[in-house]
There are 2 protein chains.
Amino acid sequence: MPRTSSTRAPGGAVTLQQVATAAGVSLATASRVLHGSGGRKVAEALAERVTTAATELRYVAHAPAQSLARSRSTVVGVLVHDIADPYFAAIAAGAMDVAREYDLMVLVANTFRDPGLERDYLARLRAQRARAVLLAGSAFVGEPFAEEVAAFAESGGRVAAIGAHGTGIDTVEPDQYGGGRLIAEHLVGLGHREIGVITGPAGLATVAQRLAGFTSVVAAPRLVHADFTREGGRAATHELLGRHPEVTAVFALNDLMAAGALAALRELGRPVPEQVSVAGFDDLPVATDLTPALTTVRLQLADIGARAMRLLLDDEPGGRLVPAPAELVVRDSTGQASRLH
Amino acid sequence: MPRTSSTRAPGGAVTLQQVATAAGVSLATASRVLHGSGGRKVAEALAERVTTAATELRYVAHAPAQSLARSRSTVVGVLVHDIADPYFAAIAAGAMDVAREYDLMVLVANTFRDPGLERDYLARLRAQRARAVLLAGSAFVGEPFAEEVAAFAESGGRVAAIGAHGTGIDTVEPDQYGGGRLIAEHLVGLGHREIGVITGPAGLATVAQRLAGFTSVVAAPRLVHADFTREGGRAATHELLGRHPEVTAVFALNDLMAAGALAALRELGRPVPEQVSVAGFDDLPVATDLTPALTTVRLQLADIGARAMRLLLDDEPGGRLVPAPAELVVRDSTGQASRLH
DNA sequence: GTGGGGGTGGAAAGCGCTTTCCGCCTGCGA
DNA sequence: TCGCAGGCGGAAAGCGCTTTCCACCCCCAC
C-alpha cells in the first residue's frame, strides 16, 4: 500500500498542514516556502525539507482557500455568445493564451445572446471573485446588464470588452465600421449598384456598426435580417433574391452567413461572381475553402482576444480604447457587376 | 450618492454579514435563508427581510469561501487540445450546456497537445478543487499523465474522457474505428484500390483508431503523416500525390485535413471526384460548404460533449463506457474509381 | 560580560462562509 | 400549575490558507 493511506486524508486532498508536519516545520513556514510572497526568507535546509515533502505528497494548494485568504482569485471570465462559433472560439483562444502567461485559469460562459443569461453569468463570475471578465461580442447593451457590469467592477473586478460596451471600461474596438466601408467601396468599384445586405439581428452592435460603415458609402441597400448563422444567411439570400432579383452583389455581415449565401446562390443557379458577387466579414478559416473563395474583411480575432486580455491584466488605469484594424481580403467571390439585367 | 458608499465596503464586495446586519438577523440565519440546504426552516418574515436586504445590496455569495466551507466547488474543468479547433469547440459547447443545467461554471484549458501543459492544467484544476474534469481528445496517454489523473481522482474529483483514456474512468467512446471502416468500405465499394491516407500525429489515439478501422478493410494504404490541420492536409496531399500518383482516393483523417486535401488537388488540377475521391472525418459544419461537398463520417460532437459531462455529474459509480455512433455521410467528394491509369 | 539588533521560525488572527450545537420560547398535556 | 417536547434563532467552531506579530537565537559591539 502506498503512502496514501497513512498521510493523506481518507477522501480528501493533502493540506498544507500535512506538508508542514511531514517536513517538521510550522504551517507558517511551509506557506512561506511554497507560496511566500518574497520579502521573507526561509533557511535553505528547511525550505528543501518542505518542498520535498510537498512533492512527495503531491500537494497542490487549495485555490479557494488561497483566494479567500489573499482575497484575490486566479480565474478570469470570458463571456461569449457561443464558443462553437469560430469567431468566438478564435477570440477565446487568443485570450486564453495570454491568461496562461499570467497563470490564470479561464472560465468560459456561453450566453447565446440571451441578456438574462449574460447577467446571470456575470453575477456568477462576480461570485467567483473572478479577477477580470472579458465581454467578447457586445450583446444587446441594456440598462440591467450595465448595472451588473458596474456591480462587477465595484466589487473589485476588471472588465474589458470587444466592441463598444459603454464608457469607462477597456475596449478593443475592431474596425467594424471601416470594414463595412471597405466592402462597400470594393463592390462599388466593381460597378455594383444594386447591392443586397443580409444581416444578423438588428440589436447586435457588431451588425449595426458593419452596416453603418457600409451605408456610409452605399446609401440604401436592400436589407434582409436573419440569424447570424449559415442557415440564416441561406434563408436571407433566398428571400433577398426573391424580392430583389436585380441585385448583382450580396454583402453578408459575417462569413457564416456568406457561406449560406453561396449555398443559396448555388441552389438558385446563379453563378458567383459572374452573375452575383458575394462578400463576407471576419475572414474565418473557412473563407478560403468556400467556392468561390470568399472576398471578406479580415479581423485578427486571436490577436483581438489576446489584446483584450492584456488590457484586463496589466495594471494600467481602465477606460482605454484599442483599435483593431480591418483589412480587405479580395478573393474570387466578387467580380465586375454583370450587365445582364 | 447611492447606497454604495454607506453600506458597501470601500473596495470590496458585500458580505453575508452585511446582509445579515442590514436585515437585523444573525449570520447563521442569513446563510440559512440564502443558501440553506433544506432541512432547516426560517420564519417567513425573517426570510423575506433577508432576501430583500440581499437583493438591495446586490449580494452574491463569495464562491471561494463557500467552496472552502462546504468543501465542494462549483466549477468543472474541460481540457481540450485547442478550443479554436471546431472539433473541440463543438464538444466544449455541448459540455457547457450540461454544466449550466447543473449550475456549474466551466474552466476551459487549451493544452495544445503538450503533455507538460496537460499535466500542469490538471494539477491546477485539482488546486481549484474542480468537481470534475473532462478530458476531451485523448492525448498522448503517458505514465506521468495517468498519475496526475489518479491524483485528481484521489483528491475527490471525477474524471471522464472522450476516447480511450485508460481504465476506471467514465468514457464516451466515439466509434472512431467503425468510422474508419465505413469510409474504407465506401471507397472500396466505389471500386477504389489505390487509396492514400493522410493522417495526424501517430501518437494520437484518435488517429490510431480511425486508421485501424480503415486498415481493417484496406490492408496497406499509402500513408502520409502530417499536422492534424488544414495546412497539414494540404502538404500531405501534395506529398502523397507526388509519391503515389496512382491513388484514386484520399482519406483524410479529419475534415480539416480534408479541406487541405481538396485545396491541394485543386492546385494539382486533379478534379474531385472524377479523378480522385476525397473523404474526411468528423462532419464539421464546413464539410457541406467545401467543393465538392465532403463525404465524411459524422460524429455528434456536441452530444458527445454533453454526454460526457452528464457522466461526470450524475452520481453513478465510475468506469462506464458510453459508445457514440459514427455515421457515414456521403456527399459529392467521392465517386467511382477512375479508370485512367 | 552584557545589551541590543538583525534575522528567522511559530502562534494566532483572520478571509467569508457553513453547520453543529445550544438555549430560548412557545404550546401542549397531565 | 408545572414539565417537557418541538421549533427556530444565534453563537461559535471550523474549512485551508496568508500574514502579522511575537519570541527566540545568535552574533556583534561596547
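Modeller: Gladly, and let us begin with a term we will need: a residue counts as buried under 20% relative accessible area, as exposed over 50%, and as partly exposed in between. Please keep in mind that this is a predicted model.

Biologist: Then why is Arg222(A) called partly exposed?

Modeller: Arg222(A) has a relative accessible area of 25%. Buried requires a value under 20% and exposed one over 50%, so Arg222(A) is partly exposed.

Biologist: And what makes the contact between Arg222(A) and Glu194(A) a salt bridge?

Modeller: The cut-off is 4 Å between a side-chain nitrogen of Lys or Arg and a carboxyl oxygen of Asp or Glu. In this pair N and O are 3.2 Å apart, and the side chains of Arg222(A) and Glu194(A) therefore meet in a salt bridge. Arg222(A) belongs to strand β7 and Glu194(A) to the loop between α9 and β6 of chain A, so the pair ties together parts 28 residues apart in sequence. Glu194(A) is partly exposed too, with a relative accessible area of 25%.

Biologist: Which other residue forms a salt bridge with Arg222(A)?

Modeller: Glu246(A) does, with the closest N and O atoms 3.3 Å apart. This pair also links distant parts of the chain: Glu246(A) sits in the loop between α11 and β8, 24 residues from Arg222(A). At a relative accessible area of 24%, Glu246(A) is partly exposed.

Biologist: How do you know that Arg234(A) and Glu267(A) form a salt bridge?

Modeller: Their closest N and O atoms are 2.8 Å apart, and the cut-off is 4 Å, so the pair qualifies as a salt bridge. Arg234(A) lies in helix α11 and Glu267(A) in helix α12 of chain A, so parts 33 residues apart in sequence are tied together. Both side chains carry the label we started with: Arg234(A) is partly exposed at 26%, and Glu267(A) is partly exposed at 45%.

Biologist: What network of salt bridges includes Arg234(A) and Glu267(A)?

Modeller: The network links Arg230(A), Glu231(A), Arg234(A), Glu267(A) and Asp289(B). Over all chains, a search of the whole structure finds 42 salt bridges.

Biologist: Let us turn to the two protein copies. How do you know that chain A and chain B have the relation of a two-fold axis?

Modeller: Chain A can be laid on chain B by a turn of 180 degrees with a shift of 0.0 Å along the axis, and the RMSD is 0.1 Å. That is the relation of a two-fold axis.

Biologist: Why do you say that the copies meet through the same surface?

Modeller: Because 100% of the interface residues of chain A are also interface residues in chain B.

Biologist: And the DNA: what makes the pair formed by Arg32(A) and DNA strand C a polar contact?

Modeller: A polar side-chain atom of Arg32(A) lies 2.7 Å from a base nitrogen of DNA strand C, and a polar contact needs N or O atoms within 3.5 Å. For Arg70(B), a side-chain N or O atom is 3.2 Å from a phosphate oxygen of DNA strand C.

Biologist: How many residues surround DNA strand C?

Modeller: There are 28, and Arg32(A), Arg40(A), Leu16(B), Ser31(B) and Tyr59(B) are the closest.

Terms used
Residues numbered from 1 in each chain as written. Chains lettered and ligands numbered in written order. Predicted model: local features only at pLDDT ≥ 70, side-chain atom pairs only at ≥ 80, totals over all residues. Heavy atoms only, no water. Near = heavy atom within 4 Å. Polar contact = N/O pair within 3.5 Å; in protein donor to acceptor, adjacent residues only side chain to side chain. Least-squares fit on C-alpha atoms with pLDDT ≥ 70 in both. Contact = heavy atoms within 4.5 Å. Helix = DSSP H or I, 4+ residues; strand = E, 2+ residues; numbered from the N terminus. Buried < 20%, exposed > 50% of the residue type's maximum accessible area, 1.4 Å probe, protein only.
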